[in-house]
Each structure stands twice: as structure tokens, then as C-alpha cells.
Protein chains: 2
Amino acid sequence: MSIFTASATAPVNIATLKYWGKRDKTLNLPTNSSISVTLDQNDLRTLTSAATSPDFKSDNLWLNGKEEGIKGERTIACLRDLKKLRKELEDQNPSLPKLSEWGLHIVSENNFPTAAGLASSAAGFAALVSAIAKLYELPQSMSEISKIARKGSGSACRSLFGGYVAWEMGDKEDGSDSKAVEVAPVDHWPSMKAAILVVSDDKKDTPSTTGMQSTVATSDLFQYRIKEVVPKRFEDMKKAIQDRDFEVFGDLTMKDSNSFHAVCLDSVPPIFYLNDTSKKIIKLIHKLNEQEGKIVAAYTFDAGPNAVVYYEEQNENKVLGLIHKYFSKVPGWEKVTEKKSQFIDSNIEFDTDAYKGVSRIILTGIGPGPQSTDQSLVNDKGLPK
Amino acid sequence: MSIFTASATAPVNIATLKYWGKRDKTLNLPTNSSISVTLDQNDLRTLTSAATSPDFKSDNLWLNGKEEGIKGERTIACLRDLKKLRKELEDQNPSLPKLSEWGLHIVSENNFPTAAGLASSAAGFAALVSAIAKLYELPQSMSEISKIARKGSGSACRSLFGGYVAWEMGDKEDGSDSKAVEVAPVDHWPSMKAAILVVSDDKKDTPSTTGMQSTVATSDLFQYRIKEVVPKRFEDMKKAIQDRDFEVFGDLTMKDSNSFHAVCLDSVPPIFYLNDTSKKIIKLIHKLNEQEGKIVAAYTFDAGPNAVVYYEEQNENKVLGLIHKYFSKVPGWEKVTEKKSQFIDSNIEFDTDAYKGVSRIILTGIGPGPQSTDQSLVNDKGLPK
């Protein structure tokens, strides 16, 4: 059996300047540019193996051990684009095997529980296009490949790079200029750390696509956000990253998270992603920064109640000291058992029951983009191991 | 002992187009015009008696049975303005007793518990200026008197009228054109009802003056709200009241409440007044309107978690039927014991524990402005009875 395989891992990214609003739903073209930090794949990543063979009659997909098939239009759009690029190569060089004509088997797994409520679609689509691009030996740049990932899930395009990443919204109707670019690599500012407080919630959040459509259609404040607020913030945040200026970076990150949730609240009907626990965490971080007299930690919240707190490594004992004081009972601290003795005790007062609203903490940092790997999820028949 | 006394009652008003932002903190001049509905004084009112006598050496104030003295700058500003107007009268007619030169005793009581967290300062300052204006036999119009109440508490100016009231922001620096006017009297649209769900909250809210100052200084979205969103909404809402169009009125009321809370969230640090119970009530009202296929109930939230739900009397059995289904255990339903049999049962599903976040319900309706009353809180010595 002639079979070709390739595997890649891709990271989760958490926006510091939020993507909220599509100007084209099919192509996932955004109403504003956005910026994100790529997180360390040791803690959060998707591993995807892609296999192809003349014996595979059709495309198929297995996610976290379950056969899903190729159902979603977005997945279909990604595969179509990737096969088209492969076809171009084959047309240029007829000696190449005709992979573009064969079925694709895709097997994908996350190293974190889906139940954590972390947006896994970004890492998922980034790993999918990375694995297939590698399988097809595509010569395109990561920015080019990011346009394909973008069609799978908008924010997935940002997971094609490590470090600090911008998604330039572009203005062309076909989306050919709506792509991810590197703002700065990991080693430009490697001290960035992230603590993710996974907040329990009994209600089901509004799906982000639905929420975006509603905000675009109904919020008065939204138009001002995308036209006036974000364009300036986009430039300011890129500069803060270039300058490694955490105070400006953190200030803009918190402002933009709140601005995004504000336009959600201004939608009809209003959309709420922050719950009372989220709000407590927001207040805690502001208290810390106030006590320090400068911004040493910055929260951001996506379309859900989970808090992501960014901070620099040199402030870790202060920031984690405070968080640990009030959230020591949640799982996830094992990773830093040896560091705990250095945590700085805080005299900040806080709701001692707040930890009950948090299910776990994930301590991580900044990391690189997609990686090739020899670890494969497919066996020699092109099926999940 | 020569003593002059007068008493007046004044109502609570709840804004449907929110006042949020001061352009002058001392004069309480707002950054936008606002609109409110005046509530029935049978349920919520302040009664104030004012007494003056040549024997009173200084001004004094008793609130809800407690001697407070005249401490606040805002109260002092109101008394100064009222005495100045009285002085003009005395100068024009020297036969008048020189009340403007004597001390004032002011005794004030609410007919609702302060603990309810309902903004009582509007009714309080409206009753204070009404009682003293009556005592001084001032000839000024209610709009003129409203400017004095405004200096006490911005929204108090709207409690000088019954029915539907606008506070025109004005643009003069001295505030001489920032006053309340009647949009429509009670009998123009008397079927308006209000159900107030008093939401329990363990945290202390940001005081509204502090919150406003912060929003004005730090929210990007706020500027757009006051310049673009509110001016149009102000005209649209006045028209909806004139047309007795509950669908438009309710839609704008809910939108404006959410817009106000959105700019609070967009402030640095963010200000949160809505809690998880508030959000549940918001969702419940949207579910009801969705089921009805039209807006039959509209919520609004001031600077706190309490919900005020407006509806028209013809939909009372539907609206209260739904609210009663899920909040029957909270006190306040005694008033409608006889009506309960007509409540329409709802099949809307809702959190059956939500009532735990509500401490009482106040069922009321629209009502008139300040009223003269023979009921006096002062004895023949000008002290609290």
C-alpha cells in the first residue's frame, strides 16, 4: 500500500486585540484587524496527522478518537484550497505523485480537555492546514497558508505563527489580503507568561459566529469600535510589543477585552460572556496593579467566562502569589510546586469563595508556531492508531 | 412662636434613556439629555416638611427619623438657590415676612426601605425643593424649580414632573438651560406599569458620581454614545411616548439600558452594575418578547442590579404571570392577591433558583409629580414629630 503521511502540531492563541465581527461569513473576513499571543504547545496544542493514498476513496476526519467525517463547510473549504495548491505543483512537475486526487485521512488530538471550554478550533484548523501543507510539500509562506486556516476558523490564521501575531483584516472582497503576519517572534519578548483561569459556567454561551453576526447587525457602539477604536489600538499594541512595554501592552489588552464585551452587551438581545466569577478576577487584577502602582498583570476574556492573565516572568512570584493565595484549591498548580516557596504573599483582600467558580488553572507562556513532528496518529493503513 | 410650615411629596423616577456623565460636576450638568417615567407615589415617594421661624438659628435636616444636619454641598446649594428666590420676592414686596433670613428645619421620610437600594436621592431632593418652594410661595415654574433640584441630584430634576419627563441637557455653562420638561402627562398614557425586582447584592456598587467621572474620562465608546447614539434616541423615544408606541418605547428603553452598562464596562477600570441575577432577568424578558412576537415588557437597570420592568396594563396578566411563576416566593405580591387568579401561566423555561437572588418585588405604575399635602412631619416647635 502506497501511503504518504505527515504530522504537525499547532498552538492555541489568545487575542489581546479582539476579533469580533465578520464582514464576510463564508470567507471569515473580519471587520477589524486583531493581535494575539501564541501560547506554549507543551501546555496547549493540537496534534494532527494527515495521510493520503490512492487507496483512500474519500476524505475522512477523526477528532480526539472519534470519527467525525468531513461534514463542515469550513473544513471542506480548507481541503479544497490545499488540494488546489497541490494540484498546481503537480501540474508544474508531472513527476510528482498525484496526491491532490487521492482521499485524505486526518486524525487530530488535543493535549487539553475540550471540557476546559478553551477555543480549540484555532489550534485545530492551524494543525490541520499545517499537516496537510507538509504532506503536500506546499512551498507557500505561512501567511499564505494562514488564509486557508482562516476559512476554517477566523482566529486559526493567527495560530500559524509563534510569538506575537497580527491578523491584518485586509480590504479585498475575495479575502486574498486577509492574513496573519508575525509582529514579533517568541525570542523578541520571551518573558511573557499566561495563567488561564478556567471558569465554571452552567449556561451555554452564545456561539461566537452567532454572537458576532448579532453585534454587527444591532450594536450602535460596534461601528465606532471597529472604525475608530480598534485601528488606533492595533498600531499602539504593535508598537508596545516592539518596545516590550508591558504597561502599554497590558493596558490596551484589558481595554480591548472590555470594549469587546461592551459591544456584546450593546447587542440586541445583549450577549453576556463574563459571569460574576469573571468580574471578580477582573477586580482582583485591577487591585494588584493599583497596589503595584503599575500594570504587572493584564486579563483578557474571549467569548466565554475564562480569564487569561498575561504577565512578565519577572513578576511571576507576585502575580502567581496573589492568584495562588485565593485559588490554591483548584487543580493545575502541580506544575509549579517547586516555585511555590518563592511566591510573594499578598495583603490584597478578596472573596475567599471565588475559587469555587474556577475549575482549574493552566499555567503557560508564550510559544512558537506550528511544528513538524515524527509523532504520528495514523497507522500504516492510514487509520487512527 | 411664629412658625411657617409646608409639606410636599415627590416621586421616584426611573430613566428609560439614561443620564450617565457630567460635564460639570458642581452644577450637575449632564453630557446627554435623558428621559424617565415617574412612578406612583402610593408605592414610592418621599414626604418632606419644611418649617421656618425667626427662632431657628440655623438650617437643619432630619432624614428617616435621624438628625443629619446640613452637611452636603449639594443640599447647601439647593437651600441657597431657594432662599435667593425668596429674597427676590421679599425685596419686591416688603410686607412679606423675611423667611429668607430665618433658619430652615427640614424633615423627610421615605415610604420605602432605603435598604431596597432604590435611588432615593431623586425623590428626596425633589421633595425638599418642592416643600421649600411651597413654604416660600415661590412663583417659578416647575422647570425653573427643577434646575435647583438638579443641583442636589441630577436625576432629581425629573421628579418635579409626573408622567413622562425629559431632562434637556442644555448647553450653557451656568446650567440655566439644563432643566426638566414634561414630555407627556400621566393621562396621556396611563396604562404604563412597572415591576421592580430588587436584586440582592453583596458587593458595594461604584457610586454613580464616581462611576460617571470614570466613564467620561476613560471610555472610548462613551463619546460615541453621547454624540451619536443618545441624541437620536432622545427624539425617537419622545415620539414613541407621544405615539403611545410600546414596541418602540420598550425597544429603545432596553437598548439604552444596555448601552449605558456597556460604556460602564468600557471604563477603566470597568464598572459592573449588572450581576448574574440581573442577566437572568434580562434573558427572561427577551424570551417573553420573543414568544409573544412583539415587545410586551422592557427592562431597565440603573447603577445597580435592580431590574425595573415596564409593561402596559393590558399585558399585565401575561407579564406578571411569567414573573410570578418564577419569583412567587419573594415578598411584594400581597398587593395583587386578588389579581393572581387571572395571571396567565407561561411555558417559558427559566432558572427556578433565580428568585434566590431577588429580595422583593415592588409592583407599581406611572404617577404624577410632587404633591402638596396636609400631612406634616414637624410639630408646632418645628421639630420632627
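With which residue does A:Arg233 form a salt bridge, and how far apart are the closest N and O atoms? The partner is B:Asp220, and the closest N and O atoms are 2.6 Å apart. A salt bridge here is a side-chain nitrogen of Lys or Arg within 4 Å of a carboxyl oxygen of Asp or Glu.

## Basis of the values

This is a predicted model, in which local features need pLDDT of at least 70 and side-chain atom pairs count only at pLDDT 80 or more, while totals for chains, interfaces and linings use all residues. Residues are numbered from 1 along each chain as its sequence is written, chains are lettered from A and ligands numbered from 1 in the order in which they are written, and side-chain values use heavy atoms, with hydrogens and water left out.

## Interface of chains A and B

In chain A, 27 residues are in contact (heavy atoms within 4.5 Å) with 28 residues of chain B. The two chains bury about 2400 Å² between them, with 69% of it on carbon and sulfur atoms. A:Leu221, A:Tyr224 and A:Phe272 supply 23% of the area that chain A buries against chain B, more than any other three residues. Buried area is the accessible area (1.4 Å probe) that two parts lose on being put together, summed over both.

Between chain A and chain B the count is two salt bridges. On the side of chain A that touches chain B, helices H5 (220-242), H6 (246-265) and H7 (276-292) each give two or more residues. Helices are DSSP runs (H or I, at least four residues), numbered from the N terminus. H6(A) provides the largest share, seven residues.

## Packing of H6(A) on H6(B)

H6(A) and helix H6 (residues 246-265) of chain B pack at an angle of about 175°, their axes 8 Å apart. Axes are lines fitted to C-alpha atoms over the stretch in contact, and angles run from 0 to 180 degrees between N-to-C directions. The two helices are therefore roughly antiparallel, a term for angles over 145 degrees. The contact is made by A:Asn258, A:His261, A:Ala262 and A:Leu265 of H6(A) with B:Asn258, B:His261, B:Ala262 and B:Leu265 of H6(B).

## Backbone details

Most residues other than glycine have a negative phi, and most peptide bonds are trans. A cis peptide bond joins A:Val268 and A:Pro269, with omega about -10°; A:Pro269 lies in the loop between H6 and H7 of chain A. In chain B, the peptide bond from B:Val268 to B:Pro269 is cis, with omega near -10°.

A:Arg244, in the loop between H5 and H6 of chain A, has a positive phi, near 50°.

Notes. Angles under 35 degrees count as roughly parallel, over 145 as roughly antiparallel, 65 to 115 as roughly perpendicular and the rest as oblique.
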